[in-house]
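Please open the model in your viewer and keep the sequence panel beside it. The tour moves from one selection to the next, and each stop says what to look for.

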Amino acid sequence: MLSRERFRALVAAAHKAPSPDNLQGWAFGLRDGAIEVRLPDAHRLPTDVGDMFSWIGIGAALENLMLQAGAEGLTAAVEVVPTSGQGSAGEAAGQLAARVTVAEGGVRDPLVDQLDARVTNRKPFDSEPLDPSLCQRLQTAAVAPGVSLQLLTSKQERTRLGALVADNDWIRMSHQPFHAELFSVFRLSRTEAVTRGDGLDLASLELPVPAGLFLRLVGKWPAAKMLNRIGLAKGFAKGSGNGVVASGAAGLVSTSGDANRDYVAAGRAFQRIWLTATALGLGFQPLGGLSQYLTKVRKERSTFLPEHAAHLDTLQAPFREIFGLGNGHPALMFRVGRASGLPLGRSLRRPVDDVIF
Ligand SMILES: Cc1cc2nc3c(=O)[nH]c(=O)nc-3n(C[C@H](O)[C@H](O)[C@H](O)COP(=O)(O)O)c2cc1C
């Protein structure tokens, strides 16, 4: 039987995982000796397509939990609960995502040593193509059923991809619901970041302090709308595209299916790739825009303005072609490389007790 103390240690490790916009969309309970993992409504990304990014975050948290279990001499088995798409009315802790059963007799995986060091690094990276031996190490980390990793290293490919990223990302600043979501997760003062313990702390975004004042201004939709006319959204997006060029490789984790269990598997593989990159001393940043919008425009077309939907249609074929995606489903992209330094700041977490029900 899993003791309360060991349960808490496993949850503390899971809670160090990355999550979309640092929303920490997970909650853990100990029920009949097994761990229940839930997706709380209050920590979902409002515009996420079918909770795809939440499932990826839960996958990353589960991978941390499994690694910690191994380090504690335990072995953990995960069963992902298929979703009906109905949510879970009446369950305060949120929709049931997975059950984890834990038994004695695990093996320690050295990746567990990277749980604290892993961090999102938004600095520019060296743009020399990543050494093939390092790419191979990342490929080995990505092995999971139905999950693939495609890596682009040549500068020419990364430049092409950077243009697609820039062509996609301006939409987040150009449509009011997406803009509102983005500005709801920015923590523009240190006090707000510390009090909330979630969201995107300005310090982790590599922005100078006066950027807070500017973001306060463009956080108001009328101001953003006006400044978009003189290129604000395109300027933001150009920065994301440049990041792909300023890297040693760009990667895409994709899945053979698009059910919640596929995205949980992608999240687990993504986390192993990231922890491996950390062990290799490489900087790493997830890039969510393209996989999110190219999936969303297929499944929830009416959530876009018609001109944005039509524009996204033109990106589908080049995106699939550049990654040789075939029939696969894009889950999450990233860039990786030798960083010019550690991030200026790290994203915070809510207290561990807040994610225990
Ligand atoms: C599904 C998913 C999508 C993400 N998308 C982005 C992104 O587009 N850009 C970015 O800079 N970080 C992205 N992140 C990183 C999160 O913002 C980051 O994990 C979170 O703020 C916690 O910070 P940490 O990774 O340093 O612990 C993403 C993370 C996940 C799990």
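A residue is called buried here if 20 or more other C-beta atoms lie within 10 Å of its own, exposed if 12 or fewer do, and partly exposed in between, with the C-beta atoms placed from the backbone. The model is a predicted one, in which local features need pLDDT of at least 70 and side-chain atom pairs count only at pLDDT 80 or more, whereas totals for chains, interfaces and linings use all residues. Residues are numbered from 1 along each chain as its sequence is written.

Select Asn22 to begin: with 24 other C-beta atoms within 10 Å, Asn22 is buried. Asn22 lies in the loop between H1 and S1, where helices (H or I, at least four residues) and strands (E, at least two) are DSSP runs numbered from the N terminus. The phi of Asn22 is near 55 degrees, a positive value in a residue other than glycine. Most residues other than glycine have a negative phi.

Next, select Pro20, placed in the loop between helix H1 (4–14) and strand S1 (27–31). Pro20 has 22 C-beta neighbours inside 10 Å and therefore counts as buried. If residues up to four places away in sequence are not counted, Pro20 touches Leu45, Asp48, Phe53, Ser54, Gly57 and Gly288, contact being C-beta atoms, placed from the backbone, within 7 Å. Pro20 and Phe53 are 33 residues apart in sequence, yet 6.3 Å apart in space from C-alpha to C-alpha.

The ligand is surrounded by 21 residues, of which the closest are Pro18, Asn22, Thr120, Gly288 and Ser347; a residue is near the molecule if its C-beta atom, placed from the backbone, lies within 6 Å of it. Helix H2 (52–71) and strand S9 (283–287) are the elements that give two or more residues to this shell, and the largest share, four residues, comes from H2.

Leaving aside neighbours within four places in sequence, Ile56 is in contact with Tyr263, Ala266, Gly267, Phe270, Ala331 and Leu332.

Move on to helix H10 (residues 260–279), where 19 of the 20 residues are buried, so H10 is largely enclosed by the rest of the structure. Just after H10, Gly281 takes a positive phi of about 80 degrees.

Which residues are buried in H9? Ala233, Ala237, Ser240, Gly241, Gly243 and Val244 are. They cover an arc of only 150 degrees around the axis, which puts them on the same side of H9; the arc is that of the directions from the helix axis to the C-beta atoms. Among the elements covering these buried residues are helix H4 (155–174) and helix H11 (289–299).

Finish at H11, a mostly covered helix in which eight of eleven residues are buried. The buried residues of H11 pack against H2, H4, H9, S9, helix H12 (306–323) and S10.

Conventions. Contact = placed C-beta atoms within 7 Å.
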